[in-house]
Structure formats: structure tokens, C-alpha cells
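Take a moment with the model below.

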Amino acid sequence: MTKPNISVKLRRWGGVRRQISVLGILALLVSIATLSRFFSIRSRFISDTLCNHDNIECQSGFRSETGIAVETVVDKIQKEMNEMRDMPVDSSAETIVARYSAFLADILGLIESLQTTGNPRENSEIRAVHPLAGRKQPSDGPAEFFLIEEIRKYVRVKPNRLGKQNFMGANGTFTSIGHACFEMKKDIEEYMDYDVGEICRDDWKLAQKLMVHGCDPLPRRRCFARAPQLYSKPFPINESMWKLPDNRNVRWSQYRCKNFTCLASSTARKGFFKCADCFNLSDHELPRWIEQAVSGPEMNLTADFLIPEVLNIKPGGIRIGLDFSVGTGTFAARMREFNVTIVSATINLGAPFNEMIALRGLVPLYLTINQRLPFFDNTLDLLHTTRFLDGWIDFVLLDFILYDWDRVLRPGGLLWIDSFFCLKEDLDDYLEAFKMLMYRKHKWTVVPKLDKDDREVFFSAVLEKPPRPFR
């Protein structure tokens, strides 16, 4: 009885050995073919895009990386084959198969670490454009850090379907999220946790919270933004500028006031403070920048400049600009009367400022102060700000903001600082930040802010960007 059992085991072992040999040869061939193809493609990347032909150190760095990986694969195959030869004859077939499966998985993991993510033909060209596209995402990378699948889909590299550069010279789309999103993981996952193909939740306030804290909300996929239930046609342009819009054109669920009449009231608690009377078009907004408002009647002092006197600095030279303020678009409305096109950048601080600006027939730009302006260099004639850039702001942040404003202003363009207020003890430091721009001073005034106490002052200026010819 013993001999037949031994012969059966030997036959079984022989069959398993033959299967293992076939699989081993197949795995070795796949490994060599994959690595060879990867090496040739990668060499082409180096010579064409990432390294200079004469840069031997750069080229050898990539070759050494591939060589080490190949040696590791070969060593693992040889070691496993030696261990298989020394394996006891009485080992079961299940043990052998399980051991060999783990071995193959290890080899495939090494190969995967060398390959670019996905199809080599598609990703080889992406590698040439973006140096990180060909590397396997680390376990703590953006796509692995978040649990919501929609965030993971957004962050991953999106290769061009044709496998070649598009008209912009890119081989794929590289979407990103800021570091603040990692600190606000719970909030951004809540924002991106939606039903694909359905109506989005009414959560713009959460999106704005993310924006203000430096985590711009990601675009949503197949999620339709909510609209007012009974949207009505806006008023014609000859009526809309100085008339409160239809209440049905705003989603009021996130505001204390539920209609424009409440917002225009001087007694209602609106949930915001920097623009308490902005919605009062007839009394508060209509005379602004046209009629002089004296903050200190007994001293005849004011921090306000009028639009006609500012435009007279550059007759016919102010055509387009940006108003970076908290408001309902009155500055843009007034400038429109002087044939100047102004885009109004603001956020919805307790009231529907963006909706109000759009319903008046003006252009709202939904933008926070910590973002780079979406304009090209040297393109705007005018940049105006009021009620937003004030003495709360950090000096380093102010530098970033002012120099980005300088970037988009054209040579000879005007920077209009309108009623910037701060503490007296901080005034010199803030003025120094504006002086560092080395702009030409057309108007420059400092007056006391008398509505509360004598600790605060107003600063207003109209400054002209110098030519700074290219060197």
C-alpha cells in the first residue's frame, strides 16, 4: 500500500512541477518583455523631454533605477526556484500553488512599480510633460488620502484619449487640490459626497467656507446645481441697474433675510456688516462716487474720490477693470455710465451679492482674496477696491495680493485704493506696503475715521503703475 501512495505523490508532484515551470517561464517572459519595453520608452523620454543629451548624470540615473529593479526581479526568481528545488517531496499541491501565487504577486508588484499608471503608450507621453505622472501614487497621495470616490476620480491624471499632445501642448489633464483641503478633509468629503446624476444639495455655504479657507471646491461630476424654484426673467437693462430684482430669482434658504426688501431695510439683521446698506439702491447706493460724502463735516475731510475726477487722470485710457470689493455692483454700474466695463469680484457674505450683481446686468466674479486673479499679465486699465482690503489683513498676505494686482494691471493702469481703514499704529506699515510698488501718486489722503473712536483712520489713493520696460 505504501508504494502506490508514493507513486501517486510523485506523479502529482511531477504535474505540479510542470505547471509551475510553465507559469515560471511565462512570468519571466512577461517580466523581460515589459521591462524591455518600459526601458526603451523611458530612454526615449529622457532623451526627448526630461534630460539634455549631454547630461550623462540624468540619463544614468534613470538607467540605474531600471537596472536595480531588473536585478531585484531576477534575484527573486532565482531564489524562489532554488527554494522550490529544496522543497520536501511530501508538500501538498495546495501549499505549492499558494506559495507560487504569492511569488507571482510579488513579481507583478515589482513590474507594476516600474510601469507608468495604465497603458504605456498613453502614459509615456504624459511622463514627458509632467515629471510625476509616471510614478506610482504613494499610499498617502491625494487620491489615496480621501475616501470619497468622486474626489479620487478628480485628482487622478486624465490622459488624452488619442495618446498624444493636444492643441495646448499637454498630454493629459493634471487636476490638483490645495494643501488646505487636507486639513479640511471632513468638509471637502461632505461637499463631494453627492449622488451622481442627481440634483446637487443646496450647500453653497459649505463650498464658500472651503473657498475662504483656501480649499477651492472641486467641480462636481454629473451633478446639477440647484436653481430657484420659480426663476423669472430679469428686468431689462434699462431698468435693472437701479431697481431691486425679483425675489424669486434667489435661493434664500441660507440667508437671514428672505427677500430683497429685507436686505434694503436699515433695521433688519442681515447677517453681514461690511455692506449694511448696499441693497438700498435709491438712498445709499445712487449717489456713491458721484456726489461727495464728507466724513468729517467740521473739518471738511473725506476719503472718497469721485469717478469723474479719477477718469480725468487718464482721459479715454480707462476701458476695462476689476472691482475687488464687498458690494452689489454699484461701482460697476456707475462706471458703465462712463463706458467703462468693470468685473465685480465678491463672495456672498451673508447676502446674495453675486446674484444681485448679475440681476442688475453686471458681471460677478466669485473669488476670494487668497486666489490668483484669473487675468493675464498687463491687461487691465483699472483695479478698484473698497470695504474688503482693510486693516485686518496680514502684511505678508497683503504683499501677495498687491503684487498679483500689479501683475494684471497694464503699464499706466490705475490702482484705486478706496477708503482702506486701519488702526493708527498700523498705518505706517500698511502705507509702506503700498509705497513698495513704486507707483506714481495721483491722489493720496489719510483722514480720521470718526464713526467709532479716534483709533482708526481712512486711507485712499489713486496710483499709476510705471512702465517698467522689459530688460
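H16 passes H17 in a right-handed crossing. A crossing is right-handed if the near helix is turned clockwise from the far one by less than a right angle, and left-handed if anticlockwise. The contact draws on Phe395, Leu398, Asp399 and Leu402 of H16, and on Asp429, Tyr430, Ala433 and Phe434 of H17. Contact here means heavy atoms within 4.5 Å. Six of these residues are nonpolar, none is polar and two are charged. Ala, Val, Leu, Ile, Met, Phe, Trp, Tyr, Cys and Pro count as nonpolar; Asp, Glu, Lys and Arg count as charged; the others, Gly among them, count as polar.

This is a predicted model, where local features need pLDDT of at least 70, side-chain atom pairs count only at pLDDT 80 or more, and totals for chains, interfaces and linings use all residues. Residues are numbered from 1 along each chain as its sequence is written, and side-chain values use heavy atoms, with hydrogens and water left out.

Two packed helices are described by the angle between their axes and the distance between the axes. H16 spans residues 395-408 and H17 spans residues 427-435. Their axes come within 10 Å and cross at roughly 25°. That angle makes H16 roughly parallel to H17. Angles under 35 degrees count as roughly parallel, over 145 as roughly antiparallel, 65 to 115 as roughly perpendicular, and the rest as oblique. Axes are lines fitted to C-alpha atoms, for helices over the stretch in contact, and angles run from 0 to 180 degrees between N-to-C directions.

Now find another pair. Helix H8 (residues 185-192) and helix H9 (residues 204-212) have axes that come within 10 Å and cross at roughly 140°. H8 and H9 are therefore oblique to each other. Their crossing is left-handed. Asp187, Ile188, Glu190 and Tyr191 in H8 meet Leu206, Ala207, Lys209 and Leu210 in H9. The residues of this contact divide into five nonpolar, no polar and three charged.

Step back to the whole chain. The protein chain has 17 helices and nine strands. Helices (H or I, at least four residues) and strands (E, at least two) are DSSP runs, numbered from the N terminus. Of the 471 residues, 41% count as buried. Buried means under 20% relative accessible area, exposed over 50%, and partly exposed in between (1.4 Å probe, protein chains only). Among contacts with a separation of 6 or more, 65% join residues 24 or more positions apart.

Which residues does Leu427 touch, not counting residues up to four places away in sequence? They are Cys422, Val446 and Val457. Leu427 lies in helix H17. At 13% relative accessibility, Leu427 counts as buried. Leu427 and Val457 are 30 residues apart in sequence, yet 7.9 Å apart in space, C-alpha to C-alpha.

Loops hold buried residues too. Trp252 is in the loop between helix H10 (237-240) and helix H11 (260-264). Trp252 counts as buried, because its relative accessibility is 11%. Leaving out residues up to four places away in sequence, Trp252 touches Asn247, Cys257, Lys258, Asn259, Phe260, Leu263 and Pro352.

Finish at Arg288, in the loop between helix H12 (281-285) and helix H13 (307-311). Arg288 is buried, with a relative accessible area of 17%. Beyond its neighbours within four places in sequence, Arg288 is in contact with Arg334, Thr386 and Arg387.
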